[in-house]
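Trainee: I have this one open for the first time. Can you walk me through it?
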Amino acid sequence: MARDAQNFEDIVRISVTTNFDHQAPGHVLPLLLSQPEISDCLKVERRRHSRQNGRFLVRAAAEQYQLSPRQAGHGGQHVIRCVHRGGGTCGEREP
């Protein structure tokens, strides 16, 4: 859990692990979100949570690496994209 995180590395590891767990084959979340009547109801809430998570990661990165929020935000966007994609393109440059 995020409250158990002791440092920035823990925060990122927990975020990525949670995302992988939620998207793992056999997990009920992807199945439920594939149903339009469910995903439509949750769209606004999921977007809000995604923004909150993004802001949290940016603040944590800024604090950890002594960056401005703008600098951390650029790197944080990459981390967030990696988390949401399941890490598949994290090593590649984004357009």
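Trainee: How many helices and strands does the chain have?
Mentor: The chain has four helices and zero strands. Along the sequence, the pattern reads α-α-α-α. Keep in mind that this is a predicted model.

Trainee: OK, what does the confidence look like, then?
Mentor: The average pLDDT of the chain is 77, and 76% of the residues score at least 70. Helix α3, residues 36-65, has the highest confidence with a mean of 87, while helix α4, residues 69-85, has the lowest at 63. Over residues 91-95 the pLDDT is below 50.

Trainee: Where does α3 bend?
Mentor: At Lys43, by about 50°.

Trainee: And which residues of α3 are buried?
Mentor: Ser39, Gly54, Leu57, Val58, Ala60, Ala61 and Ala62. For the chain as a whole, 20% of the 95 residues count as buried.

Trainee: Which residues make up the largest nonpolar core?
Mentor: That core has eight residues: Phe8, Ile11, Leu57, Val58, Ala60, Ala61, Ala62 and Ala72. Helix α3 gives the most to this core, with five residues. Both α1 (8-23) and α3 supply at least two residues each. In general, nonpolar side chains tend to be buried together in soluble globular proteins.

Trainee: Pick one of those. Is Ala60 buried or exposed?
Mentor: Ala60 is found in helix α3. Its relative accessible area is 12%, and the cut-off for buried is under 20%, so Ala60 counts as buried.

Trainee: What is Ala60 in contact with?
Mentor: Setting aside neighbours within four places in sequence, Ala60 is in contact with Phe8 and Ile11. Another pair to look at is Ala60 and Asn7, which are 53 residues apart in sequence but 8.8 Å apart in space, C-alpha to C-alpha.

Trainee: What share of contacts in the chain join residues at least 24 apart?
Mentor: Among contacts between residues at least 6 apart in sequence, the share is 38%.

Trainee: Where does Gln66 lie?
Mentor: In the loop between α3 and α4.

Trainee: Buried or exposed, that Gln66?
Mentor: Gln66 has a relative accessible area of 67%, and exposed means over 50%, so Gln66 counts as exposed.

Trainee: Last one: what does the accessible surface of the chain come to?
Mentor: About 7,200 Å², with 55% of that belonging to carbon and sulfur atoms.

Technical notes: Residues numbered from 1 in each chain as written. Predicted model: local features only at pLDDT ≥ 70, side-chain atom pairs only at ≥ 80, totals over all residues. Heavy atoms only, no water. Buried < 20%, exposed > 50% of the residue type's maximum accessible area, 1.4 Å probe, protein only. Contact = heavy atoms within 4.5 Å. Areas by Shrake-Rupley, 256 points an atom, 1.4 Å probe, with all protein chains shown as cover. pLDDT = per-residue confidence, 0-100. Bend = angle between axes of the 7 residues up to and from the residue. Core = buried A, V, L, I, M, F, W, Y, C linked by side-chain atoms within 4.5 Å.
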